[in-house]
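Hi,

Here is the structure I said I'd pass on. Have a look at it first, and my notes follow below.

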Amino acid sequence: MDKPFSQACANNQAVICEVLERVFVDKKNVLEVGSGTGQHGVFFAKNLPHLNWQTSDRAQNHAGIKRWVQDHPAVNLIAPIALDVLSDHWPTAHYDAAFSANTAHIMPWEAVVAMFAGIGERLLLGGVFCLYGPMKYMGVLEAPSNVQFDHWLQQQVPHQGIREFHELNQLAMDAGLTLQEDNAMPANNRLIVWQKM
Ligand SMILES: C[S@@+](CC[C@H](N)C(=O)[O-])C[C@H]1O[C@@H](n2cnc3c(N)ncnc32)[C@H](O)[C@@H]1O
């Protein structure tokens with residue numbers, strides 16, 4: 001099996017890493033939700049060696065993530081655990097950081113709700129959650145490329161679509177997380193940072 005490859009990950013990992021380096025500076029154990037190909041885990045574990053990076057995803061993505069982990073072994077990069085956010089089988093461990101990229105617009109809304117609730121429960125006090133991806137503000141997608149992307153997502157699967165920032169922030173607040181930062185990122189993406197208070 002060839003390793004799965006995401007050009008988007010290759011494009012965005014360095015700029016995301018710059019933010020994580022700052023906001024995860026005093027963190028140790030990160031749970032990544034929806035690791036996808038596994039590229040982000042490999043890159044962040046290598047470039048942020050003070051972090052233990054726990055990859056996770058639904059079972060169908062594990063073979064690909066394992067290939068990336070096997071080809072780039074690192075003591076702080078941990079093979080994926082099975083985590084469908086809608087299931088009851090969340091890890092029992094607690095983390096002081098969580099990360100998820102390009103998941104909220106792919107999951108059905110009830111899964112986005114479950115992701116925030118689950119992360120809120122598994123984060124320790126002071127823990128930080130970073131969510132990366134495109135967002136809508138007050139119902140508006142400013143970038144034409146995001147308008148097209150949103151349309152395309154909904155044509156592929158009706159439950160998909162770029163989420164409203166304020167609705168995500170409400171889920172975060174319901175989960176005990178307080179907004180810390182909303183970072184503009186290249187290619188009309190955002191990186192939102194919440195902290196469990
Ligand atoms: C577009 S991919 C993003 C993957 C990777 N984070 C990235 O940035 O390339 C969306 C990811 O969300 C995951 N996902 C979708 N529904 C999920 C669910 N219910 N629980 C956990 N992960 C889910 C998919 O398996 C996939 O890995």
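A quick word on naming: helices (H or I, at least four residues) and strands (E, at least two) are DSSP runs, numbered from the N terminus. With that in place, Gly41 sits in helix H2, residues 39-47. This is a predicted model, so local features need pLDDT of at least 70, side-chain atom pairs count only at pLDDT 80 or more, and totals for chains, interfaces and linings use all residues. Residues are numbered from 1 along each chain as its sequence is written, and side-chain values use heavy atoms, with hydrogens and water left out.

**The ligand site**

The space it takes is the largest pocket. A molecule sits in one if more than half of its atoms lie within 2 Å of the grid points.

There are 16 residues around the ligand, and Gly34, Asp57, Asp84, Val85 and Ala101 come nearest (near means that a heavy atom of the residue lies within 4 Å of the molecule). By class, this shell has six nonpolar, seven polar and three charged residues. For the classes, Ala, Val, Leu, Ile, Met, Phe, Trp, Tyr, Cys and Pro count as nonpolar, Asp, Glu, Lys and Arg as charged, and the others, Gly among them, as polar.

- Asp57 has a polar side-chain atom 2.6 Å from an oxygen atom of the ligand.
- Ala101 places a polar backbone atom 2.8 Å from a nitrogen atom of the ligand.
- Val85 has a backbone N or O atom 2.9 Å from a nitrogen atom of the ligand.

On its own the ligand has 590 Å² of accessible area, and the protein covers 87% of that (Shrake-Rupley method, 1.4 Å probe).

For burial, I call a residue buried under 20% relative accessible area, exposed over 50%, and partly exposed in between (1.4 Å probe, protein chains only). Gly41 is buried, because its relative accessible area is 0%.

Gln39 and Gln7 are 32 residues apart in sequence, with their C-alpha atoms 9.9 Å apart. Ser6 belongs to the segment before helix H1 (7-23) and counts as buried because its relative accessibility is 18%. From Ser6 to His40 the C-alpha distance is 9.7 Å, across 34 residues of chain.

**Loops**

Two residues other than glycine have positive phi. Met138, at about 50°, is in the loop between strand E5 (123-133) and helix H5 (144-156), and it is exposed at 66%. Asn188 has phi near 60° and is in the loop between strands E6 (177-185) and E7 (189-196); at 39% relative accessibility, Asn188 is partly exposed.

Cheers

Definitions and conventions:
Polar contact = N/O pair within 3.5 Å; in protein donor to acceptor, adjacent residues only side chain to side chain. 1 Å grid on protein atoms, 1.4 Å probe; cavity = no way out; pocket = protein on both sides within 12 Å on 5 of 7 lines; lining within 4 Å.
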